[in-house]
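Hi,

Here is the structure I promised to hand over. Please open it first, then read my notes below.

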Amino acid sequence: MNIILKDDELGKIEKILSDNLINSGIKTAILIDTAGNVITYIDNGGYRKDIFPLAALVAGNFGAMKSIASILGESEFSLLFHKGKEKNIYLTRVGDAFILISVFDDDILLGFVRLKIDEVTAQLNKLRM
Amino acid sequence: MALINMRDKEIQVKIVYYGPAMGGKTTNLQYIYDKYQSRIKTEMVSIKTHGDRTLFFDFLPFDMGKIHDFNMRIQLYTVPGQIKYNSTRRLVLQGVDGMVFVADSQAEQRYKNVESLNNLKENLNVYNKDIFNVPIVMQYNKRDLAHDSTPLLSIGDLENDLNLHIKAPTFAASGITGMNIIPTLRRITIDTIAFIEKELQ
Amino acid sequence: MDKDRSIAIDAGEKFDAIFGEEEVVEEITLKTAEKENNKENKTNRFNNISLTQQLKSIILSLEWEITDDIIKQYSEILYKLQDKFKDDVIALGIIRILQFLGKYIQIKKNEADSRVGKMLSNISEKLGWVLDSDPPEGEKRTVFADIVEQYKNWVKTIKDFSETRYDDIQGLPQERKAQPLSASPLLPQDAIDAIIEEIRSVIRDEFKKLISEWKIAQQMN
């Protein structure tokens, strides 16, 4: 079962990301599938050459957390957030098959990131995802 | 499952190297990376333990360029071989498009090879996949140990144990010397791309 | 079948361009046993905690998540602080700014300017310092001046402030007394803009008062 992204779908996804996230304080946003493939991304954080390894690692991380949740009797963890000294990363599921990665630094609070990403996720879910 | 981007004409392909612990999966990728890094121009990511055993996976992506209009991005993964890491192996197998089964030719590993192959079948079933329906290549690794007078399984024995029903293409290989590492990769890459293209039609 | 073969050839050529052509090394294969023909083939808990500590805790909650409930707790604690420290002019000034920031976040939600979160965090930390460490008056004034400056600069950059005043719109608070803030989701956007402008001008006036009192105090020293 391959995932096929049609011509206009990618445009719509990219528009949702850029409309909501440019000037938001979220430096990099990457939409991936659960197997670690990159759908699309916005990168104002200079991670271009690392986007693919990031995607693979996040998919692994996300998958591992899902298994841990399962052991605990949870279907999943709704919030995956890792805090660094200067950079932070926030992971959210979009639909059943996708994950949105947000990278931001200390200029913006997680509370705001969550609000913005909730909005983005809602719009993405309205597409066929 | 391959990710096919119709707008940018790009396909992302996931190939997983599977097999028993210490059989040479990571060595395969390490050899490819060490020898061809300047050509493929990407970095290899490895999540390992302090003892250099694969803990989560190794990851090595490279671009193949355009094939029939589509840019092919190949992503190689290995799984951790130790039995206790089965959940992780299952995770890494998600969305697999093609597999290399790296068997350990040492006689003492005979049972481990079979066990690992059965484990692969089980984990594929979790994703409603079937070992007969996913491109796969058999690699019988560590053939160089023959010079060491380490007891090795013959190719015939390995074929009997592992490839009787699957009938995958096979390569006798050595991760240390590099023998047949690239031909293995070549075969699985071509087979997987051909399989995906066929599914697309 | 031809198309499949051509894809395979194409893929092979592309592969070889990267990795070079390597000969497959054959090993002698012993005859295997007869191959089979068929394939077979998943607080009240807050009772004993100081007000400033409570504020800190609520700010941490806000840093984590922004909900109406947390904003309500935030405004309640500020109101309590306002009551407790009503004789401390500088503290009151800082609290007023914090109240406004809270209201701004509550109304604007995910469209709020993202810098406001960090500002809120920093300013409330300063408030904690003012109230808990009882610093000398001079230091307090300096910190307060910095906060006011920071706040004024930020206000200038917020593009969506309404400049028009709507004194006559029904339901607007007419008195200029400090009021506990409450959620008003049913007010139309105009009225919400007017409330923001109202609070802004209250703060403006109060600051003028504060600053003139401060200047008098300075002259007396």
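Among contacts in chain B between residues at least 6 apart in sequence, what percentage join residues at least 24 apart? The figure is 69%. Keep in mind that this is a predicted model.

Chain B as a whole

Let's stay with chain B. It has 5 helices and 8 strands. Along the sequence they come in the pattern β-β-α-β-β-β-α-β-α-β-α-β-α. Of the 201 residues in chain B, 60% count as buried. The accessible surface of chain B is about 7700 Å². Carbon and sulfur atoms hold 47% of that surface.

A buried strand in chain B

Now look at strand 7 of chain B, residues 136-141. Buried here means under 20% relative accessible area. By that cut-off, 6 of the 6 residues in strand 7 of chain B are buried, so the strand is largely enclosed by the rest of the structure. Which residues point which way? B:Ile136, B:Met138 and B:Tyr140 point to one side of strand 7. B:Val137, B:Gln139 and B:Asn141 point the other way. All of them are buried.

Strand 7 of chain B also has a partner. Strand 6 of chain B, residues 98-104, pairs with strand 7 in the parallel sense, over 6 bridges. Within this pair, B:Val102 stands opposite B:Gln139.

The sheet in chain A

Next, chain A. Strands of a sheet pair through backbone hydrogen bonds, either parallel or antiparallel. Chain A has an open sheet of 5 strands with antiparallel pairing. The strand order is 3-2-6-5-4.

Strand 2 (residues 26-33) and strand 6 (residues 98-105) of chain A run antiparallel and are joined by 7 bridges. One example to find: A:Leu31 has A:Leu100 in strand 6 as its bridge partner.

Two helices pack on this sheet. Helix 1 of chain A, residues 7-21, touches strand 2, strand 3 and strand 6. Its direction makes about 30 degrees with that of strand 3 of chain A. Helix 3 of chain A, residues 110-126, touches strand 2, strand 4, strand 5 (87-94) and strand 6. Its direction makes about 30 degrees with that of strand 5 of chain A.

Where the chains meet

Chain B and chain C bury about 3200 Å² between them. Carbon and sulfur atoms give 61% of that area. The contact takes 42 residues from chain B and 30 from chain C. In chain B, B:His68, B:His165 and B:Arg186 lose the most area to chain C, together 16% of what that side buries.

Chain C and chain A bury about 1300 Å², with 64% of it on carbon and sulfur atoms. This contact takes 16 residues from chain C and 15 residues from chain A. C:Trp64, C:Asn110 and C:Ser114 supply 45% of the area that chain C buries against chain A, more than any other three residues.

Best wishes

How values were computed: Residues numbered from 1 in each chain as written. Chains lettered and ligands numbered in written order. Predicted model: local features only at pLDDT ≥ 70, side-chain atom pairs only at ≥ 80, totals over all residues. Heavy atoms only, no water. Pairing = 2+ DSSP bridges. Helix = DSSP H or I, 4+ residues; strand = E, 2+ residues; numbered from the N terminus. Contact = heavy atoms within 4.5 Å. Axes fitted to C-alpha atoms, helices over the stretch in contact; angles between N-to-C directions. Buried < 20%, exposed > 50% of the residue type's maximum accessible area, 1.4 Å probe, protein only. Areas by Shrake-Rupley, 256 points an atom, 1.4 Å probe, with all protein chains shown as cover. Buried area = accessible area lost by both parts, 1.4 Å probe.
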